[in-house]
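Open the model in your viewer and keep the selection panel handy.

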Amino acid sequence: MGDVISSHLDEGKREIITARTGEVMGEFSRLYGQQYAVALFNQVRFDIEGGGAPQPQLLHRKVPLANKSIFSGALFQYLEENKKWRNRFLFVPDSYNIHYYENKTSHDRGLHPKGTINCAGYKVLTSMEQYMELLDNSLPGVKAKAGSSPFLKCATQFPLILWHPYAHHYYFCVASEKEQLKWHAVFQDCVRHTNDGLSEESKVQTPAFTDTVRLYRQAKGQYGTWDMMCGLPAQILANLVMEFLLPELRDLICPRLKGKLPDRQRSWMLISDAVYSLVQQQCQGQYEAVVQSCEEGRPLLETSIRTDMDQIITSKEHVTNKIRAVVLPKAEKLLKVSIEPYITSILDALMEPTSRGFSEVRDVFFRELVDMGKNMLNDGSKEKVGEHMDKISMLAFHPVKMQSCYEKVEQLSLEGLQQRFDVSSPSVFVQRAQILMREQMDDAVYTFEQILHQNLEGQGNDGFCKTIQRCQDRVIKKFDYDSSTVRKRFFREALLQIFIPYMLKQLAPSCASELPRFQELIFEDFSKFILVENIFEEVVLHSVMKDIMMAVKEAAVQRRHNLYRDSIVLTNSDPNLHLLEDKPSIDWAEEYGAQEEAEGQEKEEEGAEQESGDGAAAQRRRRMKQVVSMIQPEDSPELPNESCLEVPGVDGIPEEEEEEEEHEEEKAEASPPTESPDHETKNETSLKADILETPPALTNGSVLREVEMPEVKTQASPEPQEVDETESSSQDAENASAIQSAIQEIDNAVQEADIEQVTVEVDASPSDQESPAPSEEVSAAPAQQGVLSTPTGPRPELSPVQEEQENTAEVTEHTLDSPPPSHDESGFQSSTSEVLEEEEEVPPSVEASPSPEVLQPQEEPPRAGASGGTVSPEDGAAVHHSDSETGEQHSAKSGPI
């Protein structure tokens, strides 16, 4: 790359570049000095006499993007040095200059960006075909063969290319079409904003600069609109130099380029970018010197103007009358033949798309307020108002939401009229209309903010919807009036930009030779402020202005496109409203506490950044609220490493425990009521593996936690051993023996199988209603019955056999078909313990010996009842347990916990 530039831009070529730049800047400096004095005179005269323009109804925000950033995200960028695609993090601040970093971490740490793109003069392309067509035109006489491959291949099917006729080209691509549309909207907004680089606040320098550039191009025979009148003054001057320098360099360098066509195209792009950078650097220095010289002489000029204002005005009117007598007959003849027949048709072509765009602005603004009002019906709090207004406040600078408005104006077409009136393209008018639309949207939003904030002061949490509705209606009326005023002014300016250059070009040959003699009529002291070239243009302008005003007025009288008549003036509708314009912008999030969580997160990040040493700069970047946040498009793959797509919210991701619960429920519903012994053996084997792999704390935790307890709360109660058991004196001895053996078996069974499987086995037994198996020995005293099932009235006395059957049915029902019973604070024995005791005499053929790891739990969790709550024995309740190794039975009195 460096070899190409150094070999073709040798010392001789650089001298040519410097000489041509010096010639252009020398002539520009002379014209700028003259136009600066004229612009200063016009400004001072306007300040003294004032203007008759209608007063706008909407408030204007002075610093709309304070502490705001437009967008940040990641996408692929093509690097020409290694011819590879790399992921880059892009950040767009309020200046709309694009900064790209190696990754997001580099930006967060405050490192310098790898590069900055000023988008003035660029075009945003979304296909390689568009780019190759423009690239082929860069080398006249050299055309690519049909089917020839370009010098780069896009990594995806969705490219984004920034093309400039002179400067460096930038190649990006994204993963989906939706993402491409959003990035395209952001890039277009960057181009639109940076193209409008001349400040309208500068009432002297900006008119002087634009008139100087126009007069210079007219002296070179270039009339009409100019697409490259975009960017900062230094960029515009560089475009002015390149307009005449580039053809000369192309003729000198292109024949010497070697290689295939793609290689020659790449070499020429590198050379053009190097030349443009060199020219822009030289123009910047010389322009600053000219402006500084004029500003130093401004106090003396302004003193002379204010001293001799009346004489200057009188002398100018005298010369104007002399020039009008010569020029006006020729201008009226030209106007009647070549201008008047086309005024109506051109005005219609301008009004239709422009009015649709402004109407879409109104609709977008209205929809945002309606959505906010609907949301306030559900949550009518000031915090919610602050949350919505924090988003609406930057609506005008949201390129994605405003894209539908901008697209309406992009349909503007002057087909058939461009060549006749020397209009290169309608892009000049499209961008101007889009800028006015954005300003109107921001004025409407800012006015609504101030009115709403004023109405909310001292108001409670009631009546928000009515307050929003009243403020909305007031702002919409003001918007309609200001929209009509702005559009009518835009139509007049656009028609003048189309007709005046054409008329000047037609009248110049016959009138230019007569103008110098009028210079003798001007006093030498006033010659700095009165120029015959400017008076000639003013005469031509006034000759066509009458017809343009009449055409726009007629459209307003017919109420076409919702234009208001000039006689409709909204005066003093809100006399105190403009007092709110001096107030600072409202920080809705801070004032109404809509971002408490964000502030807490900022504090955490702030502490981390202070530890890393990047505190101050990173904190300022973090406080910059971002206007645009990208939403992940559906069915779009993510870029590796990073993407401009946000991660989906965690609320939509199912929790692991919830998935396991659903899986267990589906498994229980799908399991049949009866199972074969072979199936039971397989289930026992799989359950042992699950116990080894699954941690103890699961969401069906009440059963599993009860299983893991080596202690079982029991009471010394009679245990039925046979179906035909009678009341005898040997019952106590049999109960003690049964309890001891049951507890011994529980300690072993805990490590082997799940409770649900054991319960299914009990339910599947064919003799569970007639003759209970030994594995069904359950501690079922009447007192425990009352705990497991809480009756509302007195129970009738039942036989022991009926009690046993009823208890067994309740245990099976609670375990299989219904959720666990509610927790009783009086203390109870868990139904899990009863089920575990049913497992005490499972045949050895079904059981498998547990592994040593299972027999030695690491930690004893708290006991859980059937409802999942912790079970604590009551005062005086006897707790029996046995040592699993010695088989010795222990009894203890548990006190209050």
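This is a predicted model: local features need pLDDT of at least 70, side-chain atom pairs count only at pLDDT 80 or more; totals for chains, interfaces and linings use all residues.

At roughly what angle do the axes of helix α2 and helix α9 cross? Select residues 11–49 for α2 and residues 298–307 for α9: their axes come within 10 Å and cross at roughly 50°. Axes here are lines fitted to C-alpha atoms, for helices over the stretch in contact, with angles running from 0 to 180 degrees between N-to-C directions.

Residues are numbered from 1 along each chain as its sequence is written, and side-chain values use heavy atoms, leaving out hydrogens and water.

Next, show the side chains between these helices. Y36, A37, L40, F41, V44 and I48 of α2 meet R298, L301, E302, I305 and R306 of α9 (contact means heavy atoms within 4.5 Å).

Now move to strand β3, residues 98–101. Helices (H or I, at least four residues) and strands (E, at least two) are DSSP runs, numbered from the N terminus. I98 and Y100 on one side of β3, and H99 and Y101 on the other, are all buried (under 20% relative accessible area, 1.4 Å probe, protein chains only).

Click L90 to find its bridge partner, Y100. Finally, select β4, residues 115–117, also antiparallel to β3, where G115 stands opposite Y100.

Technical notes. Buried means under 20% relative accessible area, exposed over 50%, partly exposed in between (1.4 Å probe, protein chains only). Two strands pair if DSSP finds at least two bridges between them.
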